[in-house]
Amino acid sequence: MKNAQILHKEPQNYEARAEVMWAGSIAHNDLTGCGNDGGDFMSHKLEHELGGIFDVTHGAGLAAIWPSWARYVYRDCLPRFVQFAKNVMGVTGDESEEEIAIQGIETMENFYHSIGMPINFHELGIHPNKQEIREMAEHCYTASGNHTDSAKELTVDDMVKIYLMANQTEYYIKE
């Protein structure tokens, strides 16, 4: 994260670029999955459908879909989002676990903005209609082999709701 912020300001910074490339190599070789339950790549799968219809890069699409996905699933794996908030995003405080999880998501959104990335479809510059959203959800569900390996098992309707959240400029929290 530190080096991504440096690169945003200094795109020719060799050291920062080398660190980001090294981190990408480790992630893409699945070394980050060693010793855990394999991680959660549902936001990637949701983005693949987005990138298949709209001319967006994978990273920008992920930044635009991740906050909505996170807000949709965090209650179903609250300890995991609390751990993320504290250990990755540096959230501290005595708030409830739910408040800490939300602060972690908001801190990630702030990070995305700090490197010029979008956090919803409008900031990404796309405006999918309801039919496109339904098609993306159905294709994502099918491409996942009906196995959504998410923090929460997602149905097509869940995916539609996540896409709809990302298509708004303000979030709602599912009840």
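Buried means under 20% relative accessible area, exposed means over 50%, and partly exposed covers the range in between (1.4 Å probe, protein chains only). The views show a predicted model, in which local features need pLDDT of at least 70, side-chain atom pairs count only at pLDDT 80 or more, and totals for chains, interfaces and linings use all residues. Residues are numbered from 1 along each chain as its sequence is written, and side-chain values use heavy atoms, leaving out hydrogens and water.

View A. Helices (H or I, at least four residues) and strands (E, at least two) are DSSP runs, numbered from the N terminus. Read from that end, the elements run α-α-α-α-α-α-α-α-α. The chain has 175 residues, and 42% of them count as buried. Contact means heavy atoms within 4.5 Å. Among contacts with a separation of 6 or more, 62% come from residues 24 or more positions apart. Confidence is given as pLDDT, the predictor's score for each residue, from 0 to 100. The chain has a mean pLDDT of 88, and 87% of its residues reach 70 or more. Confidence is lowest in helix α2 (residues 14–28), with a mean of 89, and highest in α6, at 96.

**View B. R71 and E109 form a salt bridge.** A salt bridge is a side-chain nitrogen of Lys or Arg within 4 Å of a carboxyl oxygen of Asp or Glu. The structure holds three of these. In the bridge between R71 and E109, the closest N and O atoms are 2.8 Å apart. R71 sits in helix α4 (residues 58–73) and E109 in helix α6 (residues 97–114). The two are 38 residues apart, and the pair links distant parts of the chain. Are these two partners buried or exposed? Both R71 and E109 are buried.

**View C. E98 and R75 form a salt bridge between a helix and a loop.** Their closest N and O atoms lie 2.9 Å apart. E98 belongs to helix α6, while R75 is in the loop between α4 and α5 (78–88). The separation is 23 residues, and the pair links distant parts of the chain. E98 is partly exposed, at 31% relative accessible area. R75 is partly exposed too, at 36%.

**View D. R134 and D157 meet in a salt bridge.** The N to O distance is 3.0 Å. R134 comes from helix α8 (residues 130–143) and D157 from helix α9 (residues 156–166). They are 23 residues apart, and this pair also links distant parts of the chain. R134 counts as partly exposed at 32% relative accessibility. D157 is partly exposed as well, at 43%.

**View E. Helices α3 and α4 pack against each other.** Helix α3 spans residues 42–53. The angle between α3 and α4 is about 125 degrees, and their axes are 9 Å apart. Axes are lines fitted to C-alpha atoms, for helices over the stretch in contact, and angles run from 0 to 180 degrees between N-to-C directions. Angles under 35 degrees count as roughly parallel, over 145 as roughly antiparallel, 65 to 115 as roughly perpendicular, and the rest as oblique. Helices α3 and α4 are therefore oblique to each other. Their crossing is right-handed. That term means the near helix is turned clockwise from the far one by less than a right angle; anticlockwise is left-handed. From α3, the residues M42, S43, H44, L46, E47, H48 and L50 take part. They meet H58, G61, L62, I65, W66 and W69 of α4.

**View F. Helix α9 is mostly covered.** Eight of its eleven residues are buried. Which ones? They are V156, D158, M159, V160, I162, Y163, M165 and A166. Their cover includes α3, α4, α7 (121–124) and α8.

**View G. P128 lies in the loop between α7 and α8.** P128 is buried, with a relative accessible area of 4%. Leaving aside neighbours within four places in sequence, P128 contacts F54, F121, I133, M136 and N167. P128 and N167 are 39 residues apart along the chain, with 7.3 Å between their C-alpha atoms.

**View H. A16 sits in helix α2.** A16 counts as buried at 1% relative accessibility. Not counting residues up to four places away in sequence, A16 touches N3, I6 and L7. The C-alpha atoms of A16 and K2 are separated by 8.4 Å, and the two residues are 14 apart along the chain.
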